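Here are my notes on the model, as numbered points. Please read them with the coordinates open.

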Amino acid sequence: MTVSIIVAVAKNKAIGKDNQLLWRLSDDLKNFKKVTSGHAVIMGRKTYDSLGKPLPNRRNVVITRQKDLKIGGVEIVNSLESALELFENSDEEIFILGGAEIYKLAGKYANKIYLTMVEAAPEADAFFDFVPYLSWNLISQTAFQKNEKNEFDFEVMEFSKN
Ligand SMILES: NC(=O)c1ccc[n+]([C@@H]2O[C@H](COP(=O)([O-])OP(=O)(O)OC[C@H]3O[C@@H](n4cnc5c(N)ncnc54)[C@H](OP(=O)(O)O)[C@@H]3O)[C@@H](O)[C@H]2O)c1
């Protein structure tokens, strides 16, 4: 099993505010869809709420402390470990979608990260510390320019753990 974190983060480590994303980056969303489609995605309950519905063509797993939460089209678990156990004997790549609380728990299990670095430093209430991942092996790096579809310049990078 490959455990991949996928995250878009600003230079000040910001990832969200008021349970929303901080930018419109159409090309990053396209990349997100391409990379995660057909795979399982694991996310915190708040990130699920911000999406509002399961992501299509993906197995959606939501982590909550609530014991009786039920959401159509979504598998509910009470810990990240329970989420990972669902894939224990598979060689699938599974994606950790965030948010801040779940990324913190996932760091020790991750062996890959898809890191979008956004040239912005917005006010935020959710953050991700990307610094530890910069010492991993850089596999690919693609730069995108700000334009009518992308609110800021950004770079999509892929790192794997040694
Ligand atoms: N830029 C990006 O790439 C990106 C990606 C994803 C999200 N975001 C942003 O991040 C923000 C949301 O992040 P967040 O940290 O507030 O929330 P989150 O990580 O999405 O979800 C937090 C929730 O997960 C559950 N949870 C957390 N730790 C748990 C544990 N140890 N065991 C069981 N359940 C646990 C709890 O759900 P219950 O309260 O139901 O118990 C908790 O309230 C939003 O602004 C969102 O837009 C940004």
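1. Ala, Val, Leu, Ile, Met, Phe, Trp, Tyr, Cys and Pro count as nonpolar. Asp, Glu, Lys and Arg count as charged, and the others, Gly among them, as polar. On that scheme the shell around the ligand has eleven nonpolar, ten polar and five charged residues. Keep in mind that this is a predicted model.

2. The shell itself. The ligand is surrounded by 26 residues. The closest are Ala-8, Arg-45, Thr-47, Thr-64 and Gln-66.

3. For Gly-99, a backbone N or O atom lies 3.0 Å from an oxygen atom of the ligand. For Ala-100, a polar backbone atom is 3.1 Å from a ligand oxygen. For Lys-46, the distance from a backbone N or O atom to an oxygen atom of the ligand is 3.4 Å. As for cover, the ligand taken alone exposes 940 Å², and the protein buries 87% of that.

4. The site. The ligand takes up the space of the largest pocket. Which of them gives the most to the shell around the ligand? That is α4, with five residues.

5. The Gly-98 to Gly-99 bond. This peptide bond is cis, with omega near -5°. Most peptide bonds are trans. Gly-99 sits in the loop between β6 (93–96) and α4. Gly-99 is also the residue with a backbone N or O atom 3.0 Å from a ligand oxygen. I would like the text to mention both points.

6. Ser-4. This residue is in strand β1. Is Ser-4 buried or exposed? Its relative accessibility is 0%, so Ser-4 counts as buried; the cut-off for buried is under 20%. The side chains of Ser-4 and Glu-93 are joined by a polar contact of 2.5 Å.

7. Positive phi. Most residues other than glycine have a negative phi. Lys-13 has a positive phi of about 75° although it is not a glycine. Lys-13 lies in the loop between β1 and β2. Asn-57 has a phi near 60°, also positive in a residue other than glycine. The place of Asn-57 is the loop between α2 and β4 (59–63).

8. Exposure of these two. Lys-13 counts as partly exposed because its relative accessibility is 29%. Asn-57 is at 61%, so Asn-57 counts as exposed; the cut-off for exposed is over 50%.

Terms used:
Residues are numbered from 1 along each chain as its sequence is written. This is a predicted model: local features need pLDDT of at least 70, side-chain atom pairs count only at pLDDT 80 or more; totals for chains, interfaces and linings use all residues. Side-chain values use heavy atoms; hydrogens and water are left out. A residue is near a molecule or strand if one of its heavy atoms lies within 4 Å of it. A polar contact is a pair of N or O atoms within 3.5 Å; within protein, one must be able to donate a hydrogen and the other to accept it, and residues adjacent in sequence count only if both atoms are side-chain atoms. Accessible areas come from the Shrake-Rupley method with a 1.4 Å probe; for residues, only the protein chains shown count as cover. On a 1 Å grid over the protein atoms alone, a cavity is a set of points where a 1.4 Å probe fits but cannot get out, and a pocket is an open set with protein on both sides within 12 Å along at least five of seven lines; lining residues have an atom within 4 Å of a point. A molecule sits in a cavity or pocket if more than half of its atoms lie within 2 Å of its grid points. Helices (H or I, at least four residues) and strands (E, at least two) are DSSP runs, numbered from the N terminus. Buried means under 20% relative accessible area, exposed over 50%, partly exposed in between (1.4 Å probe, protein chains only).
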